[in-house]
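Please read the points with the model open.

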Amino acid sequence: MKAKNLQKHSYTFMLLGLMAVVLLFFTVLKGSMLWKGDVWLGIAMQFPEYGVVTLGLMFCFICGKMDMSFMALGDFATIMAVQYMAAHADAPAGGVILVGILIALGIAAVGGLINGLLVSELDIPPVMATISMQLVWTGLSVALTSGNTVKGLPALYTEIGHKYLLGFLPVPLLIFLAIFALCWFLLNHTVYGEKLYMVGTNIKAAEFSAINTRRMVVGTYILCDVLCCVGCLLMVNTMASAKADYGTSYVMRCILILVLAGVLPDGGMGKIINVLFAIVIIQIIATGVNMFPSLTTY
């Protein structure tokens with residue numbers, strides 16, 4: 001029994017080992033800088049925005065699908081939200097922020113619906129369908145802003161993302177942990193999670209098991225893009241603005257994290273806890289590289 005449990009969690013242990021190696025490497029070379037409290041607070045502030053995006057994309061990967069439009073859609077949705085907030089700067093900030101967030105999430109849901117319908121109803125290959133939509137959303141964003149940043153966020157909105165609960169818990173980290181808990185529950189304790197793994201493992205077998213695979217695909221794309229939009233809202237909070245190309249560097253980073261975590265676009269595989277460890281590993285590497293002034297972060 002113990003041997004089976006060890007084998008079942010072998011990939012998790014491998015990731016923990018990799019994390020230990022990364023920490024040891026930077027401890028030896030830059031230990032005096034790495035283990036400062038401010039550095040770890042910075043890490044906790046930085047990864048939640050693309051961490052939430054990665055959790056959203058994870059659902060598509062488990063379903064055996066790909067979404068390349070998530071950041072472009074998130075940028076467009078947040079541009080629309082920021083424009084609304086800026087246009088209603090004289091109204092009570094709380095209500096304006098709430099409506100702006102709902103606008104962004106609503107646009108993301110519509111974008112996810114379009115992706116799902118293109119893939120499930122028209123049988124367009126996911127990569128082709130979502131790259132096409134990526135160009136659409138980017139084009140709309142550039143057309144609306146002429147490629148410029150959109151500012152005018154209420155001060156309350158930007159302040160929330162830079163606050164610490166109890167003096168040491170960043171609010172973005174708490175948001176990430178709440179979404180992580182929700183995703184963990186969906187994958188491990190709901191019928192949706194069971195069906196998602198079945199669809200990703202063998203979509204034909206899932207159909208013969210009376211699972212509405214088309215509805216699952218559409219719903220998964222909606223969930224993916226809504227969660228990705230939440231990550232983009234966190235990013236806008238950090239930047240205090242929105243732009244058509246914000247977060248483009250996160251596309252390949254999120255895919256890298258999922259592959260490192262063993263969540264492959266083949267579908268039907270991967271654990272959310274491994275995704276968490278992979279996110280932390282990548283952020284530690286990114287932070288560690290910045291400690292070498294002579295080394296370009298690229």
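1. Glycine 231 counts as buried because its relative accessible area is 2%; buried means under 20%, exposed over 50%, and partly exposed in between (1.4 Å probe, protein chains only). This glycine belongs to helix α11 (residues 213–239). Helices here are DSSP runs of H or I with at least four residues, numbered from the N terminus. Apart from neighbours within four places in sequence, glycine 231 is in contact with Glu49, Val52 and Val53, where contact means heavy atoms within 4.5 Å. Glycine 231 and methionine 71 are 160 residues apart in sequence, yet their C-alpha atoms are 9.3 Å apart in space.

2. On the basis of the description: this is a predicted model, in which local features need pLDDT of at least 70 and side-chain atom pairs count only at pLDDT 80 or more, while totals for chains, interfaces and linings use all residues. Residues are numbered from 1 along each chain as its sequence is written, and side-chain values use heavy atoms, with hydrogens and water left out.

3. Helix α11 itself has 27 residues and reaches 39 Å from its first C-alpha to its last, close to the 39 Å expected at 1.5 Å a residue; the expected span is 1.5 Å times one less than the number of residues. Of its 27 residues, 19 are buried, and the helix is thus mostly covered. Just after α11, alanine 240 has a positive phi of about 60°.

4. The largest nonpolar core holds 92 residues, among which Leu55 and Met58 touch the most other members. Such a core is a set of buried Ala, Val, Leu, Ile, Met, Phe, Trp, Tyr and Cys residues joined through side-chain atoms within 4.5 Å. Helix α3 (residues 37–62) supplies the largest share of this core, 14 residues. Beyond its neighbours within four places in sequence, leucine 55 has contacts that include Phe176, Phe180, Leu227 and Val275.

5. Which residue makes a polar contact with the side chain of asparagine 115? The partner is the side chain of aspartate 225, at 3.2 Å; a polar contact is a pair of N or O atoms within 3.5 Å, and within protein one must be able to donate a hydrogen and the other to accept it, with residues adjacent in sequence counting only if both atoms are side-chain atoms. Asparagine 115 lies in helix α5 (residues 93–120) and counts as buried because its relative accessibility is 0%.

6. The whole structure contains 8 aromatic pairs. Phenylalanine 59 and tyrosine 192 form one that is tilted, with 6.4 Å centre to centre and 35° between the planes. Rings of Phe, Tyr and Trp (its six-membered ring) pair if their centres lie within 6.5 Å; planes under 30 degrees apart count as stacked, over 60 as edge-to-face and the rest as tilted. Phenylalanine 59 lies in helix α3 and tyrosine 192 in helix α9 (residues 191–201), so the pair ties together parts 133 residues apart in sequence. Phenylalanine 59 is buried at 0% relative accessibility, whereas tyrosine 192 is partly exposed at 21%.

7. Two loop residues deserve a look. Aspartate 123, in the loop between α5 and α6 (126–145), has a positive phi near 55° and is exposed, with a relative accessible area of 58%. Serine 146, in the loop between α6 and α7 (155–160), has a positive phi of about 60° although it is not a glycine.
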